[in-house]
Structure formats: structure tokens, C-alpha cells
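I opened this notebook to keep a record of what I looked up in the structure, one topic to an entry. I wrote each entry in whole sentences, so that I can follow my own steps later.

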Amino acid sequence: MKARILLISIFCCFYSLADAQIGEHRDVLSLGFNGGYIMSNVDFDPSVSQNNHGGITGGLSFRYTCEKYFKTICSVYAEVNYASLGWKEKIVDIKDAAVIDPETKKQQQYSRTINYIQIPFLAHLAWGKEEKGMQFFVNAGPQIGLYLSESTKSNFNVSDEITRIKAGTSQRSNTIWAQDTMSVENKLDYGIAGGVGMEYVTSHAGRFLLEARYYYGLGNIFGNSKRDYFGKSNYGNVIVKLSWLFDIRRTKK
């Protein structure tokens, strides 16, 4: 089912651009760079209490503008990015107070950082000034992520805390612990991305884009068969990024 949704999204991206071919032709190829900040979490089932995990993203941007259909400027937009995702656990007791580790006497903290190469392939629709001025745009389409590495950060002994959870002596209100001992199983991530933003077009300095984007993962980082612990473990990410593009090929309208 998830793979079907991804294929439908890819089809919709191409269809929206192909359908625009009855408009005014454009032939603008733009390249550039992007960078930003990601607030991510993982939707576990059974659920794990979390705060947002902060990470960076950055890479190369590519855009081909092919058509203007009425007032809509139609493009294909793609990126190749390095991105740090993951989750940060919210470790509290039943009164929503911090859990103090009995050994270190510090508030327990645990986070997992998982690094990817991400490749979104998006339909880009914009409205506004083409030559100089402001545009409003929306992006939507599929994205894949290729696993690179992962690391864990905690200030307590995870094995000792698991022992306390099993013995019923832990202070935690959420006693799901399996995710703390598991490595990423599925190295390919995939899902749907969508965003809105503003673009400022200059005469000589290029194009500057500010975007807020959301990514919903359709794949799971851990196994989700009947014998596996988690029924799902997919990403949900909010990304804020700034991009700079410059035209390397541009034909007159």
C-alpha cells in the first residue's frame, strides 16, 4: 500500500507538469545550494514519548522551469542533501516531572541521530514575478533517503534502566525501551514531502528561496512484521530551509 502511494505521487508530479504543456513554454535550468534545520521524530507503535530532535540539512538544488500555465509557473525541483534525523525521548514520571537517574543523580536524557542522503523529487508550482520580485510557491512529491550512519547520546546506563523497567522499579511513565537497543534495520527510507515558501528573484544575484516543508515517512526504520516489536517506526519531519539558485540556461519567452 505504501509503495502504491509513492508511485501515485510520482505520477501526479509528472502529470501536473505534462498537463501544463498547453501553456507558454519556458526553458530555464537553475542550480544552487540549500541549507536548513530539521525537527524530527519517529512515530513508534507502541508509542514512545518524545521531544523534537534537532538536526541540520544541506546540499545541492536543481530546478527546471518548463511552462507557464495561465499564472502558474511550472517546474521540476530536486535536491541531493545530507540530513541528520532521529528522535529525542521525553523521559518523565507520571507527574510529568524529570526522571533522575539513581546512579548519576542527573536528569535522564536519550537521543538517537541517524544520518541520510536524501533525494526529494518535487513538482514546483509558483505564482508571482518571473524576472524580478517575489514569488509564492508550493512543492510536493516523493522523497527517498539512503542511510549513512547512526549514533546514540545518553547520560545514563541503558542496560541498568531496562533492568529497573522489567523489575517495575523505574520512575518512567513510558516504559517502552526496545528502541534504545536496536539499530536501524531498513536502510532505505521513502515518503512524501510537501512545502510552501517565498522566492525573491534578483537581476544579478540569483534566486533566494525560503521554505517550510513537511516530510511524512511511508517506510519504517525497524522491522514491522508480526514477530517484530514495533508495528510502525516512521519519520515525521518539519524542515525550514534557505536555498540560493542561479540560472545556467535561460531562453527568452
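Entry on Ile248. I looked up where Ile248 sits and found its place in strand β9. The model is a predicted one, and I keep that in mind for every value that I note here. Is Ile248 buried, exposed or partly exposed? Its relative accessibility is 46%, and because buried means under 20% and exposed means over 50%, Ile248 counts as partly exposed. When I left aside the neighbours within four places in sequence, I found Ile248 in contact with Leu29 and Leu31. I also took the distance from Ile248 to Ser159, and these two, 89 residues apart in sequence, are 55 Å apart in space from C-alpha to C-alpha.

Entry on the whole protein. I then stepped back and noted that the secondary structure comes to two helices and nine strands, which run in the order α-β-β-β-β-β-β-α-β-β-β from the N terminus on. The C-alpha atoms fill a box of roughly 75 × 40 × 30 Å along the principal axes. Of the 253 residues, 44% count as buried, and the accessible surface comes to about 12900 Å², with 61% of that surface belonging to carbon and sulfur atoms. I looked at the contacts with a separation of 6 or more, and found that residues 24 or more positions apart account for 75% of them. For the charges I wrote down 29 positive and 24 negative side chains, and the centres of the two sets lie 4 Å apart.

Entry on the core. Which residues have the most contacts inside the largest nonpolar core? This core has 32 residues, and the ones I was looking for are Phe44, Trp87, Ile114, Tyr116, Ile221, Phe230 and Tyr235. I next noted the elements that give two or more residues to this core, namely β1 (24-45), β4 (72-89), β5 (110-128), α2 (158-167), β8 (207-217) and β9 (232-250). I picked out Trp87 and left aside its neighbours within four places in sequence, and among its contacts I found Val42, Phe44, Tyr110, Ile114, Ile221 and Phe222. The contacts of Trp87 also include Gln50, His53, Ser111, Arg112 and Gln179.

Entry on Asn220. I found Asn220 in the loop between β8 and β9. Its relative accessible area is 8%, and Asn220 is therefore buried, since the cut-off for buried is under 20%. I followed the side chain of Asn220 and saw that it reaches the backbone nitrogen of Ser233 at 2.7 Å.

Entry on the backbone. I looked up the peptide bond that joins Asp45 and Pro46, and noted that it is cis, with omega about 5 degrees. Pro46 lies in the loop between β1 and β2 (50-51). I then turned to the loop between β4 and β5, where I found Asp96, and the phi of Asp96 is near 65 degrees, a positive value in a residue other than glycine. Lys105 lies in the loop between β4 and β5, and it has a positive phi of about 65 degrees although it is not a glycine. Is Lys105 buried or exposed? I noted that Lys105 counts as exposed because its relative accessibility is 61%, and the cut-off for exposed is over 50%.

Key: Residues are numbered from 1 along each chain as its sequence is written. This is a predicted model: local features need pLDDT of at least 70, side-chain atom pairs count only at pLDDT 80 or more; totals for chains, interfaces and linings use all residues. Side-chain values use heavy atoms; hydrogens and water are left out. A nonpolar core is a set of buried Ala, Val, Leu, Ile, Met, Phe, Trp, Tyr and Cys residues joined through side-chain atoms within 4.5 Å. Buried means under 20% relative accessible area, exposed over 50%, partly exposed in between (1.4 Å probe, protein chains only). Helices (H or I, at least four residues) and strands (E, at least two) are DSSP runs, numbered from the N terminus. Contact means heavy atoms within 4.5 Å. A polar contact is a pair of N or O atoms within 3.5 Å; within protein, one must be able to donate a hydrogen and the other to accept it, and residues adjacent in sequence count only if both atoms are side-chain atoms. Accessible areas come from the Shrake-Rupley method with a 1.4 Å probe; for residues, only the protein chains shown count as cover. Lys and Arg count as positive and Asp and Glu as negative; His and the chain ends are not counted. The place of a charge is taken as NZ of Lys, CZ of Arg, CG of Asp or CD of Glu.
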